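Biologist: I would like to go through this model with you. Please give me the rule behind each term as we go.

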Amino acid sequence: MTRSDIIVRTIARLMVPFLLLFGAYILLHGHLGAGGGFQAGIIFTSALILAAIGRSRIEFRSQPAGSKLWILGVSGAVLFGVTGFLGIVSGGFYLQYSLLPLPFPVETIHAIMITIVEIGIGIAVSGMICLVFLTITGRGE
Amino acid sequence: MSGEVIASAAPAIALCISLSAAILIAIFGNRVRYVNEGVTMGATLLKFLLIFLMYQAIMDGWILQWAPVTLLPGVPFSLTVDLFGIYFAFLSSLLWIVTSLFSIGYMRSLHEHAQTRYYLCFAVCIASTVGIAFSGNLLTFFIFYEILTFATYPLVVHSQTKEAMAAGKKYLAYLMTGGIVLLFAIILTYTMTGTLDFAEGGILAGTGGTDILRLLCFLFIAGVGVKTAIMPLHGWLPAAMVAPTPVSALLHAVAVVKAGAFGLLRIIMYIFGIELFTEIGAAPVLAVVAGCTIITASFIALAQDNLKMRLAYSTISQLSYIVLAVALLAPAALEGGIAHMMHQAFMKITLFFCAGSIYVTTGKTRLSEMHGMADEMPYTWAAFTIGGLGLIGIPLTAGFITKWFIITGALDAGAWIYVLLLLLSALLNAAYFLPPIYHAYFSEPAESGDFEDQTSWFIKFPLIFTAMMVILFGILPNAPYFPLEVATAIVRSITGI
Amino acid sequence: MIPVTDHLPILVVMIPVITAYITPLVGILLKRTVKGIAVVALSVNLACSLLLAHYVLINGPISYHLSGVPPPLGIEFVADHLGAVLSLLISAITLIAIIYLSATIPELGKKKTSIFYTLILLAVGGMQGIVLTNDLFNLFVLIEILAIAMYGLVAIRGDGKSLLAGYKYLLIGSAGSALILIGTGFLFISTGTLNMTLMGDILPDIINSWTVLGGFALLIAGLSTKIGLFPLHIWMPDAYAHAPSITPVISTLALKAGLVALIRLIYVIFGPSLSAETVPLPSVLSLLGAVAIIICSIVALQQADIRRMLAYSTGANIGCIVLGISFATSAGLEGAMLHMITHTVSKVCLFIAADAMLIQAGIRRIEDFRGLADEMPYTMAGFSLGAISIIGIPLSGGFMSKIYVANAAIGIGLLIYAGVILFWTLLTALYFFRIFRFAYFEPSHREHRLHETPWPSILIILILGGASILLGFFVEVPMEMIRPAAGILLGGGI
Amino acid sequence: MSVLDPAFILGHYNYWVSIILIMIGLYTLIAKKNLIKKFIGLNIIETAIFLFYISLGDIDGGVGPILPKEGAVADTMIYANPLPSAMMLTAIVVTLCVTALALSFAVLIYRRYGTLDAGRLMEEL
Amino acid sequence: MIWLVNGVLLIALIVLAAWALKTRDLLVSAMILSVYSFLMAIIYAQLNSPDVALTEAAVGAGITTVLFILAIQKTSRMEEDSDDETIQKGPLAIVLFIGLILALAAGGMPAFGSPDAPAAIVSGNLYLEEAKEVTGVVNIVTAIIAYYRSFDTLGEVTVVFAVGIGIIALFLRGREEEGDDEK
C-alpha cells in the first residue's frame, strides 16, 4: 500500500457523505431545477463506488452486498411500476395520479407522486448500476 | 355442374375412411400383427361400398357437396361429387381393393421391410386420389394433388437403395416443379376471376386477353402435364419404376398419372371450357405434343428389355391417347378419352400385376429371361395376353372400344393425320407386346429347370379379376356403370348435346 | 370510471414486466418457485390477451392513454386488431415455451435459470409493448428493452461462442437502435409529435420533404436489424446456433414484434400517402424481401447445423413477410400477417423439436438425423409437421399464407414475386427433404438406440405441429382478426 | 433555399456537426476491429444524436424549460422545447446500459480468447 | 459571441471524435471520449437544456468513462488491429451513404432555433402552457419524465434492470467455471 493510495482513499472516503447529500438534493429538488431521480441515482452510484475505493478490503462480490444492492434495484423498479397501478385502482389510467383519493389539490398530489416516482428511479438506477460496477470489477485482480 | 346440389358429408366420410385407416396403421401397425393388412382390406371394402352408394345418387342427377371452411375469399375447401368425379373415384376405389389384395400377396411373399410405412402411405395416396376426384375447385384439387405427390415419395423410395433414393429425388423434383407451375397458374386464375370453382363451360371466358389466357393454358398444361407424363415431362415415370410392383401398378399406372389426366380434363373442360380452349388455339398444339408423345414413347418402349420399363413407356404412350382425345375436341373422341382413363387403367394394372407375379415367383424382371414361362404360370400369362391384346386394341377387348371412339372422333374432326397416327401406334403396340407373349408360350426357356407355380391366390385373384374386366368392357361396353356409358353421360353434360 | 376491459392493453405489458422485477428476488429467496411464478404470470398474460382479442374483435380497437394524458402530450397505446392478434400469439407461444422449458432438464445453473426466466419475461413485456404502442419514442424504448433482454438471452450460457454471438447481435442491434433514434428525430422534427396516428395525419402534406423520407429510410434500416431482414440477418444464425434452447423461440416472436413495428411505421405513419409513385421505398422493400427469400434459402441449403439452417429459413420467411407488407394492398398485408402467424407457430415447433432432440440425443448436425424416425418417432413426427408447414405443402398453414402473399403479388401485377415465392417453396422443400431422407429412409449410425423424448415435450411439439397444419384448414379463424386489421391499417390506423 | 446559401448552412450548423460526428462514430463502429473501440464509436454516435435532438428543441433567445416558481408563465420569456430533453434523458440511460453490457461482453470475451480483435474472434464462430 | 464559442466547441468536438477514432491507445480514446462528453454537456447547457447537460456530464464524462477504463484495465490497453491503417472502403461506403441520407434529410429541416418549428408548435408549447398548473412542478422536463411520459421512464428503468441482471448472468457462469478450474 503506497502513500498515494492512502491519500486517494481518504479523500474518497471523505467525499462520500457529501456526494450522498448532493444526490439527495438533486433527487428531491428535481422538480424545481435541473436534475431528478436518474441523475441522483448516478451520483449515489458514484458515492458508492468511491466508498468501494475507500475501503479496498470490502468484499463487494460477497453474497450479502450483492443481494442487498439487488433488493435496492428491484424495489425501486417495483415502487415505480406498482405505483402506476394506483392509477388504475383509483379509476383512471395506468400511471394516472390525478384521481387518487388524497386530501390535497391535484397539483400537490402530482408533485407528491412525481417525487415518489423520482425516488423509485433513483433507487433503481443506483442499485442496478452499482451492481453492474461491482460485478465487472468484483473479480479477477 | 348440372344437377341438384345437396350438402352431404358423404364425400368427407369417404376420404376419412382412408385417412382413419392411415392413422390406425400408424398407431398400431408396428405393434399388432395383421393390423396393416386387416385395416387396409376393411377400409377398401368400406370405401368402395360408400362410393358405390354415392354413385347411385349421382346417377340420379344429384351433386353432393361438403364445404366446411373457406380457404381464400370465395374459395372454400370444397368436396363436390359430380359424375366425372365419382367416375374417377369409383375407378380408384375399385382398383384399390384388388391392389390391396395383390399387395398383401406381394409383400408377404417377399418379406418386405417397413410394411407399416408402405400401407400407411398407400392409404394416404388413395385418400388423396379420391380427394382429387371429389375436389370442387382448383385449390382443393391442388391440395390433394400435392399431398398425393408427397405421399407417393416414400413408396417410390421404399427399397431405400441408392438407386431408389436417386429415383425418389428425380420424382420429387419433377412433380414439385410441376406443382409449383400449377400453383402459379391457379393463383393467376384466382386473381383474374376471383373464383376457382369447376363449372361447366369454364370460368375464364371473357376475363383476359388471348395472350394471358395462352400463358395460363401453357402453365396449366405444363403443371398437370408432369403427372400426365406428357413428353418431355415424363422423366420421373420410368425412374419411379424402382418402386415395388403394386405401387407401380396402382399409382403409376392408375392413380398418379390418371390424377394428371383427370386434372387436365377438369381444367380444359371446367376451367377453360371447350369453347375458350378452342378459341385460344391451344388444342392443335396439345394434339401435336400428344401425338409425338404417343409415337416416341412407343418406340422407346420397343427398346426396353426390362418388363416394368416397357410398361412404363407404354403407359406414357397410352396416357397421351387421353390427351389427344381431349385435344381433338370432338365429342366422340372425348367419350373415348374419358372411357380410356378407366379401360387403360384395367389393362395396364393387369400387366403390372403380371410383372409383379413373375417377379415374386421367379425373381425375373427382364423380358429376355421370360421365354417359355407360360407353362409354369398359366394364369399370369393368360392375363398378360389379355392385357396386351387390349392395349393393342384387338376387338372384343376394352382397348378396341376406346380406340374406336377416338378414331371416330378424329374422323369427325377431319384430322386424318391422327387417324393414321393412331393406327401406327396400334402397330407399335403390337410390336412390343406380341413378341413377349409369343416367346412366353412358344420359345424354349432360357435356363433349364422347371419351377412350380407357388404364387399365392392373393396375387392370382387380382390379375384374373382385372383381366376378366378387360374382356367384359370389350364385350359389353354400354352396360350400366361401365366406363363408356358413364363417359357418354359426362360428355353429354359438358357439351350439352 | 374506465371499464376494466379497457385496461387490458397495459395489463398484457405490465404483468410480465412486474413479474420480471420480482423474479430474481424470488430466485434468491424461494428457489423452487421461479418456474411456477413465470408460468402463472404468463398464463394470466395469455388470459388477458385472449380477453383483449375477444374484446377488440367485438368492440373494435381500444385507445389507452397512459398517465391519463391524451396525445400529443402523453403516450398512447392502441390495441387494434393487429396488436391484439400479435399479443395473443406472443402470450400463447411464450407460455408454451416456458412450460416446455420448465418441463425439461435445465441446461443452465440454478441462479442463471431464474435470470433466464426474468429475461424471458422482460422480452415478453417488451414485445407486448411494441405491438401495442402508438408512440414512436416509446416504441424505441420498448425495442431497447426487448433487444437487451434478447442479448442476454443469447449470451446467457456464458461460453465463448455464445458471448461472441451475443456481441455480434449487440453490435448490429445497437447500430440499428441508433438509426431508429435518428429516424425518430427526423419524423419528430417534421411533425412535432411522437404519436404515430397524429404523425400520419400531418405527414401527407409534407411527404415529399427530404427530412421525412430520410427519417423513413433510417427507421426502416434500423428496424431491419431487429427483424433480421437481409442483409442485416447475419446475427441470426450465430445467435440461434449458440444460444440456449428457448432463445430462438423468443427471438422468432421478437422478429414478429419488430415486423409489427414495421407495419405500423409504413401504414400508420405513412399510411395512404405512401404509394409507389411518391415514395419508391416500398419497391425497395419488395426487392429486399425477394432477395432475402432466395439468398437465405440458398444459404440454408448449405448448412450442416440444424439451428443455423432454421435461422436462415427464418431469414427467408422474414423476406416473405416484408414482401407482403411492401405491396401496400390489403391482400398483401393480410398475407403478411397470416404468414407471421403460421411461420411463428411452425418455426417454434421446429425449434422446440430440434431442442428436444439436442437435449435427448445431442443431435445438432443434420447428418445426425439418420434413423431418427425409428428411434424418436413422435418427436420426428412433430418436427415433420412443422417442416411441412414451413415448406408450404398444401393444406398446412404455411401453404395458405404463401398462397395469400403470392396472390397479393399477382393482384398488383408483380408476377415475378409470386414466382419467387413459389420457387422458394422448392428450395425449402430441398433442404427439409434432406432431413426427411436421413430421418426416414436411412439407418441409424449410432451405437446406442436413442430414447424418445419425455412425454410433456412430445405433447408440446405435437400440439404445435398439429396447430401449424390445422391453421391451413381453419385459415378463417385468424383471418377473422386479420381482415379488419388490414382494413384499419390501410385506412391509416385508428 | 439553395444548398450553398450561407444562411442555410449556418442555420443548420449544429445539425451538420452532429451528422459529421455520427459519421465518424459509425465508421468507428463498423470499421474498427477492437471490440471496445467499437463502442467508443457508438458513444460518439449517440452523443451526436443527443446534440441533434437538443438542437431541434432549442429556440433562439429562449431559456431552459424551468419556469419561475411564482406566478403564471411569463409571456415575455421564450422557453426551449422540453420534450427533446425529456426524450434524451431516457436515451442517455439506454446508451449507458448498452455500453455497460457491451463492455461486459468485451471483458468476458477477452478472458476467453485473450484478444479483442473482431476479425480474429469472428473466425471462432 | 455565443455562436462563436459554440462554433469553437463544435469544431473541437469533431477534432476530438476524429482523434478518438485515430488513436490506437484505448485509454487515450476513453479519456478523449470523456472530454468530448464534457464539451458536449457544455453545449447542451448552451442550448438551454440543463437537465441533459447535467446528465451527460455525470454519465458521459463520468460513469461511462469509468466503465471504459475498467474494461480497458481488464483487457488490453492497445488496439491490436491486425489490418493496416488504411481506410476501409466497405465501411466507408456505408458511412458515406448514411451520411448522404442524413445530410439530405437535415437539409429539409426547419432552421435551427426557429420558434415556429413544428416540434415547438405541436407539442412543446402545450407542455409549457399546462404542465406547471397540472403538476405543480416548475421543471417541465421533470414533469414530462415523471408524469406525462412516465411510461417511457418506466421503460428506461426496465432497461437498467434488464442490463443489470443480464450482466450478472454473464458473470455468474464465469464464477462457476473458475470454481471448477480451481478444483
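Modeller: Let us start with chain E and chain C. Across their interface the rule finds 7 residue pairs in polar contact, both at pLDDT 80 or more. A polar contact is a pair of N or O atoms within 3.5 Å; within protein, one must be able to donate a hydrogen and the other to accept it, and residues adjacent in sequence count only if both atoms are side-chain atoms. The model is predicted: local features need pLDDT of at least 70, side-chain atom pairs count only at pLDDT 80 or more, and totals for chains, interfaces and linings use all residues. Residues are numbered from 1 along each chain as written, chains are lettered from A and ligands numbered from 1 in written order, and side-chain values use heavy atoms, without hydrogens and water.

Biologist: Why is the pair C:D135 and E:R149 called a salt bridge?

Modeller: The rule asks for a side-chain nitrogen of Lys or Arg within 4 Å of a carboxyl oxygen of Asp or Glu. Their side chains meet at 2.6 Å, N to O. The pair therefore meets the rule. The count between chain E and chain C is 1 salt bridge.

Biologist: How many salt bridges does the rule find between chain E and chain D?

Modeller: It finds 0. The polar contacts there number 10 residue pairs, both at pLDDT 80 or more.

Biologist: What is in contact across chain E and chain D?

Modeller: 86 residues of chain E are in contact (heavy atoms within 4.5 Å) with 81 residues of chain D. The buried area is about 7,700 Å², with 73% from carbon and sulfur atoms. That is accessible area (1.4 Å probe) lost on putting two parts together, summed over both.

Biologist: What makes chain B as compact as a globular protein of its length?

Modeller: Chain B has 18 helices and 5 strands. Its radius of gyration is 21 Å, close to the 23 Å that the globule rule gives for 497 residues, so chain B is as compact as a globular protein of that length. The radius is taken over C-alpha atoms; the rule is 2.2 Å times the number of residues to the power 0.38.

Definitions and conventions
Helix = DSSP H or I, 4+ residues; strand = E, 2+ residues; numbered from the N terminus.
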